[in-house]
2 protein chains.
Amino acid sequence: MSQTLRRLSLADATSWIDRAISRAPAEPAPLFAAGSRVVAEEMRAAQSIPTADQAVLDGFAVAASATIGASSYNPLLLPLRAISAGDAIPPGCDAVIPLDLAQPLPSGVVECVEPVAPCENVEVRGSVAAPGALLVAAGTLLSPAYIGMLIGTGLASVMVTPRPMVRIVVAPRGATTDSNGPMCHALVQRDGGVVADIVAVERNQQSIRSALEMESADIVLVIGGTGPGTDDHAAAALAEAGDLAIHGIALRPGETASLGHTAGGVPVILLPGSPASCFLCYEMLAGRAVRRLGGRDPTLPYRSRVIHTARKFVSAIGVTEICPVRCVAPDIAEPLPSFGEIGLMAAVAADGFVIVPEGSEGYPQGAPVTVYLYEGSCIGG
Amino acid sequence: MSQTLRRLSLADATSWIDRAISRAPAEPAPLFAAGSRVVAEEMRAAQSIPTADQAVLDGFAVAASATIGASSYNPLLLPLRAISAGDAIPPGCDAVIPLDLAQPLPSGVVECVEPVAPCENVEVRGSVAAPGALLVAAGTLLSPAYIGMLIGTGLASVMVTPRPMVRIVVAPRGATTDSNGPMCHALVQRDGGVVADIVAVERNQQSIRSALEMESADIVLVIGGTGPGTDDHAAAALAEAGDLAIHGIALRPGETASLGHTAGGVPVILLPGSPASCFLCYEMLAGRAVRRLGGRDPTLPYRSRVIHTARKFVSAIGVTEICPVRCVAPDIAEPLPSFGEIGLMAAVAADGFVIVPEGSEGYPQGAPVTVYLYEGSCIGG
């Protein structure tokens, strides 16, 4: 009945993911729909941007030198050259007076009442980018401002890393409503992946194996049935359907997570069915794989910060433990009840978590620890 | 030709938005698809969660007191009660020995070689939540862990604030490719809104007015034609199609942004067509409106941090200026060329920006300033 898991270290498991998974080949995407996509190939300016000096706002093009000495006591009359934002600056001019700071007169002149400096309200040729200058680096997650900037330079498309297609296979125990599929769906979306499908299967070896033999996704997550119990068949199904490379990881919660490939070479991650374990194994293993496939930064998608402990942290030697924490003062964090005690409440009630490595027994009160911070946590900026 | 804008202060403009716009009435959403939705009504536990003491992992249920003194030199034989993760703890037991730390024997007993503490590997009745305890507060953005936790407590749906439907009307000048529509599309998505459509219209009063009379969205953004020039018709079109409440804001870039309503009472924000101005007016005005409609935190969606200036910041009195900055050392930021000089490159090349208020002429070298940080900026944790 009882199988012994090998329990590889978490560091060895993440190294396996890093060796087994790399980003998919680039594909073109139209820039107008490329928000939040990851740039696969850097883009450089083909020419000076802008290609000519141009007005930043609507107004009157002038030679700045001709405005010296202008004031409301000494209005200067200059040739009327109305100009719209984005227009090229006409020859002989080098500045723009905003529309409402000068008065055009019927005689074809404009009355200027204050001096402007050279280049004022002018976007100078090449000021955004010189020919060959980097516009966007490979690996950049395209923010809205990048979309606007790149389309504005005249580009229409960009090479991006495809969003990874993720199959989620859930093998829940008995008639319980599955909460892990929807949770992992939301996690995959956060990490830039697309959930191809959530396949619910019966908790037996044949059903899980069949799900692993389905037409290809870029990665498959199997949830549930990873343990050493009599109704745990995920590891055996993977060993049969492909290879079970790593069976068990020295991670708490999450000891029964496993890694491997389908016969077709698609990476497979087995996540425990206990919700807190499923969550943490996604965070520590599956998320890294999804982000690597999609060309994103593979490290944890949380800010981290060194904070001091309000109380002692106790952790077992020989296993990496994930400890939820709450801030009790700026730069001071206290441990919360563990994921084992209160399940996912340990994630939603926390400001973040501390990863206590295998070799550590924990931390004394007042020790500095690296806290990974959940979005919107109250631990300062 | 030249119209004078009234130029309300930015603070007055944001107050107008806060008075004019509130979140839409709640709607139910199935929890399995509620990732990143905003909770409209708090949810509390109807009963103790879990409803009974339950096993955290697969193993053997025992009375902790019966394991005292167990060791490999003194194995204790206890009644065999195999238990799976999630099962209720049987009467008389209060702890679970993991499967692989005990050996079941054919005689119906289990050999225990180390003691366990009471409640070890047990999620105790009510430990996640007592009856009536808060499970999720109104205003919470549902993270993946919340989705898992709430479904795990037996809930199936949640009341959320609807995603705001946003119409984007673009009135570009001449034959230029519009970059503002795609940029604002990405910004609206970031802020939890849905772009109902991007309507490109000719740059004349009649076309813009017709777009403002289209069937309702929750908010309309009109981009371009906001200035005082001869081909600027957005403000006049809004005045005709509804009301133009605020015409011009003391914000640089972005002086020509305006606010109002359609005849049907839908809020309308006029954004300047110059890309950097469009971006900043979205950030300072439209984004706040979209986030308020969707029940999100209306403040800027950036972390902020007090950092010291590496050099003097110069800013005009009487206008709020948005100044891009780059970090040059931990906690030290220098100003970059302005949005007026290099357009949106000032957003993508920066680590963040400083808002210099109307009453300020800028900051001396070494002064503390609040920097709003772009995602992934190199300014620390």
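User: What makes helix α4 of chain B a helix that lies across strands?
Analyst: This is a predicted model, and every value below is computed from it. Contact requires heavy atoms within 4.5 Å. Helix α4 (residues 205–212) of chain B lies across β13 (165–170), β15 (219–223), β18 and β19 of chain B. Its direction is about 160° to β15(B). Angles run from 0 to 180 degrees between N-to-C directions, so the value takes account of which way each element runs.

User: Which strands does helix α6 of chain B lie across?
Analyst: Helix α6 (residues 275–293) of chain B lies across β13, β15 and β19 of chain B. The angle is about 165°, taken to β19(B).

User: Why are β14 and β16 of chain B said to stand at the edges?
Analyst: The open sheet of 6 strands has the order β14-β13-β15-β19-β18-β16 (chain B), and its pairing is mixed. β14 (194–200) and β16 (242–247) of chain B each have a single partner strand, so one side of each is left without a neighbour in the sheet. From one strand to the next, the twist averages 20°.

User: What is the order of the open sheet of 3 strands in chain B, and which are its edge strands?
Analyst: The order is β5-β9-β8 (chain B), with antiparallel pairing. β5 (76–79) and β8 (102–105) of chain B are the edge strands, as each pairs on one side only. On average, neighbouring strands of this sheet are turned by 30° against each other, direction ignored.

User: How many bridges join β5(B) to β9 of chain B?
Analyst: There are 4 bridges between β5(B) and strand β9 (residues 109–112) of chain B, and the two run antiparallel. With at least two needed, β5(B) and β9 of chain B therefore count as paired. Leu76(B) stands opposite Cys112(B) in β9(B).

User: What makes Arg37(A) and Glu27(A) a salt bridge?
Analyst: The closest N and O atoms of Arg37(A) and Glu27(A) are 3.0 Å apart. The limit is 4 Å between a side-chain nitrogen of Lys or Arg and a carboxyl oxygen of Asp or Glu, so the pair qualifies. Over all chains, the whole structure has 28 salt bridges.

User: How many salt bridges does the rule find across the interface of chain B and chain A?
Analyst: The rule finds 0 salt bridges there. It does find 4 residue pairs in polar contact, both residues being at pLDDT 80 or more. The contact takes 52 residues from chain B and 52 residues from chain A. About 4300 Å² is buried between the two chains, 67% of it on carbon and sulfur atoms. In chain B, Pro144(B), Met345(B) and Val348(B) lose the most area to chain A, together 13% of what that side buries.

User: Which elements give two or more residues to the side of chain B that touches chain A?
Analyst: They are β11 (134–136), α2 (144–152), α3 (180–190), β20 (303–309), α7 (339–342) and α8 (345–348) of chain B. α2(B) gives the most, with 8 residues. The residues of that side divide into 26 nonpolar, 16 polar and 10 charged.

User: What makes the approach of Thr153(A) to Leu150(A) a polar contact?
Analyst: A polar atom of the side chain of Thr153(A) lies 2.7 Å from the backbone oxygen of Leu150(A). The cut-off is 3.5 Å, so the distance falls within it. Thr153(A) is in the loop between α2 (144–152) and β12 (157–160) of chain A. Leaving out residues up to four places away in sequence, Thr153(A) touches Ile49(A) and Leu135(A).

User: Is the peptide bond from Ile49(A) to Pro50(A) cis or trans?
Analyst: The bond is cis, with omega near -10°. Pro50(A) is in the loop between β2 and β3 (54–55) of chain A. In chain B, a cis peptide bond joins Ile49(B) and Pro50(B), with omega about -10°.

Notes
Residues numbered from 1 in each chain as written. Chains lettered and ligands numbered in written order. Predicted model: local features only at pLDDT ≥ 70, side-chain atom pairs only at ≥ 80, totals over all residues. Heavy atoms only, no water. Buried area = accessible area lost by both parts, 1.4 Å probe. Polar contact = N/O pair within 3.5 Å; in protein donor to acceptor, adjacent residues only side chain to side chain. Nonpolar A, V, L, I, M, F, W, Y, C, P; charged D, E, K, R; others polar.
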